[in-house]
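Subject: Handing over a structure, with notes on what was found

Dear colleague,

I am passing on a structure for you to look through, and my notes follow below it. Please keep it open while you read, and take the notes one topic at a time.

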Amino acid sequence: MAEYDEDAVTDLISRIQVFCYPRRIRVKEFFNDFDPLRHGRCTIINFARALDTLGMQGLTDEEVDNLAEHFTEHGAHVAPPQVVNYVKFCEAIDRVFIEGSPDEHLMSCSPSSTQLMSFKPSSLGEEEKFMHVLHRLASLCKARGVLFKQVFFDVDRAPVASPARQSPFMGGKVTREQFIRRFPFKKEFPPEDVELLAKNYMTNKGDVHFMAMHNDISEVTSHEPPDFPRSDLVMKPDESEWSQSRYTVVDKLRSKVVEGRIRIKQYFQDFDPLRKGYCAASQVKTVLTILNLSKIVTREDYDQLIQTYAREDGMFCYGDFCADVNKAFATPNLEKDPLAQTSMPDSTSTMAARRNKVCLSAERLSQWEWLESKIRSKVQKHRVNLLPSFKDMDRSNCGHITKNQFFRVMQSMGFDLSEDDVQLLGNMYCDLGDHFVFNYVDFLKSVDVPSEDVELAIAQLNAPYKGEDISHYFNARGKVIPHESAILA
């Protein structure tokens with residue numbers, strides 16, 4: 001009897017190990033609430049409660065009593081009723097995580113459970129018909145985007161628990177009736193073809209192995225999501241020479257600083273607490289980014305700037321750089337030349353930062369002069385007013401329109417310009433660094449030159465208001481003011 005009980009206890013421990021291993025359960029955590037002093041023992045009743053909390057189904061009261069009796073200790077150091085040594089019980093259960101599973105085939109489904117391992121011989125005609133049906137099934141799944149295995153998930157049940165499977169789904173097999181009832185293409189396949197598929201994928205127990213069918217279909221179909229649509233920017237090669245390429249990086253930064261009235265030295269001093277006039281080369285890029293000047297500085301310009309103002313150890317001399325940039329605001333050492341005259345910054349000081357035109361060759365310049373003279377003569381001869389038409393296109397009143405809008409305005413006003421003529425005028429008046437935005441204000445200044453009387457009238461109209469001068473000959477009532485010599489006489 002004792003030997004029988006010992007074997008029964010060993011079998012119970014093995015069953016509990018099979019239950020705990022795939023779920024990664026540590027049994028000792030369930031006994032901590034019943035052992036507040038942590039001396040490793042608990043009562044028989046609390047031992048049964050801990051096993052019940054474990055969640056394992058199928059343990060009878062007799063089996064629990066056998067386990068409790070097996071791990072009960074006796075001796076002077078044991079204080080009843082805490083007589084069950086649950087620590088040894090937990091060590092016996094946790095041994096499965098060190099030595100491995102005692103019953104591996106009950107732990108989880110092996111990879112072969114998703115494959116049809118049995119071989120069923122068939123005639124050549126049946127094999128050919130079966131492959132034809134399978135190919136049709138694969139084609140329909142690919143054309144309609146059907147994931148074949150997902151059709152059977154609601155009726156699929158796994159026989160055992162698995163570490164990677166928290167729910168009892170995805171066993172890979174369904175009954176023959178469930179397979180026929182859930183088959184997704186009943187209208188396209190006659191019943192005998194569905195029966196043929198079920199017959200070829202039927203297991204020894206009479207279930208249909210739909211997962212093996214899905215694996216065979218996936219060899220010819222791809223359920224990967226389609227590639228994300230892309231629209232890569234492919235720039236056309238531009239061999240034009242732009243006007244800003246003739247300026248140095250200091251000239252471009254000086255124009256931008258003058259335009260924004262920026263005191264650039266103050267931002268460099270934030271990185272130079274000792275005011276020595278030097279900072280790290282990486283901090284130069286930080287300052288330009290803070291001032292929103294980095295977008296006009298290319299990688300080549302940045303390297304040139306560092307090379308110009310860097311000393312031997314790589315530190316950037318921002319003092320000399322700021323002095324060169326601030327020359328547009330004030331002339332240095334002006335006190336040494338009292339007779340020198342200075343001028344305030346004007347539109348030409350910021351031209352390098354605001355305008356970027358295409359540099360034309362001498363031949364193209366002569367063609368432009370001839371074309372513009374022809375347009376100018378027609379404007380003056382027919383008294384064509386181009387400004388209102390351009391204003392209609394310029395909703396934001398920024399002085400620029402697109403080149404296509406310029407072509408439409410010229411066509412509507414009776415100017416027959418070819419595509420090459422529009423391209424030539426665009427190279428001359430597209431001054432924002434591209435070939436699309438047209439500066440119609442400069443174009444009108446060139447082709448629609450006002451007369452001297454009109455310029456005088458515009459100047460007087462835009463001049464500030466001046467009150468009437470006081471008359472030296474008539475008073476407020478209109479009478480003649482007598483001369484001072486006549487009054488004295």
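Rings of Phe, Tyr and Trp (its six-membered ring) are taken to pair if their centres lie within 6.5 Å, and a pair counts as stacked with planes under 30 degrees apart, as edge-to-face over 60, and as tilted for the rest. With that rule, ring pairs link Phe148, Phe152, Phe179, Phe183, Phe185, Phe189 and Phe210 into a cluster.

Before going on, please note that this is a predicted model, in which local features need pLDDT of at least 70 and side-chain atom pairs count only at pLDDT 80 or more, while totals for chains, interfaces and linings use all residues. Residues are numbered from 1 along each chain as its sequence is written, and side-chain values use heavy atoms, with hydrogens and water left out.

The chain as a whole

The protein chain contains 22 helices and six strands, where helices (H or I, at least four residues) and strands (E, at least two) are DSSP runs numbered from the N terminus. Of its 489 residues, 33% count as buried; buried means under 20% relative accessible area, exposed means over 50%, and partly exposed is in between (1.4 Å probe, protein chains only). The accessible surface of the protein chain comes to about 32500 Å², and 53% of this belongs to carbon and sulfur atoms; such areas come from the Shrake-Rupley method with a 1.4 Å probe, and for residues only the protein chains shown count as cover. Among the contacts in the protein chain with a separation of 6 or more, 71% are between residues 24 or more positions apart, a contact being heavy atoms within 4.5 Å.

Rings

The structure holds 30 aromatic pairs. One of them is the stacked pair of Phe390 and Phe406, with 6.0 Å from centre to centre and 10° between the planes. Phe390 lies in helix 17 (residues 387–393) and Phe406 in helix 18 (residues 403–412), so this pair ties together parts that are 16 residues apart in sequence. Both Phe390 and Phe406 are buried.

Rings also take part in another arrangement, in which a charge sits over a ring if NZ of Lys or CZ of Arg is within 6 Å of the ring centre and within 35 degrees of the ring normal. Arg24 lies over the face of Tyr21, at 4.9 Å from the ring centre, and the charged end of Arg263 sits over the ring of Phe329, 4.6 Å from its centre.

Salt bridges

A salt bridge is a side-chain nitrogen of Lys or Arg within 4 Å of a carboxyl oxygen of Asp or Glu, and a search of the whole structure finds 19 of them. One joins Asp303 to Arg299, with the closest N and O atoms 3.8 Å apart; these two residues both lie in helix 13, four residues apart, which is about one turn of the helix. Asp303 is partly exposed, because its relative accessible area is 37%.

Which residue forms a salt bridge with Arg364? The partner is Asp420, and the closest N and O atoms are 4.0 Å apart. Since Arg364 lies in helix 16 (residues 362–382) and Asp420 in helix 19 (residues 419–429), the pair ties together parts that are 56 residues apart in sequence. Arg364 is partly exposed at 22% relative accessible area, and Asp420 is partly exposed at 43%. Elsewhere, salt bridges that share partners join Arg41, Glu73 and Lys88 into one network.

A buried residue and a surface patch

Not counting residues up to four places away in sequence, Leu51 touches Val64, Leu67 and Phe89.

On the surface, Tyr473, Phe474 and Val480 form a nonpolar patch with about 380 Å² of accessible area together. Patches are made of residues with over 30% relative accessible area and no salt bridge, with like charges joined within 9 Å and nonpolar side chains (Val, Leu, Ile, Met, Phe, Trp, Tyr) within 5 Å. Phe474 lies in the loop between helix 21 (452–462) and helix 22 (484–488), and Phe474 counts as partly exposed because its relative accessibility is 45%.
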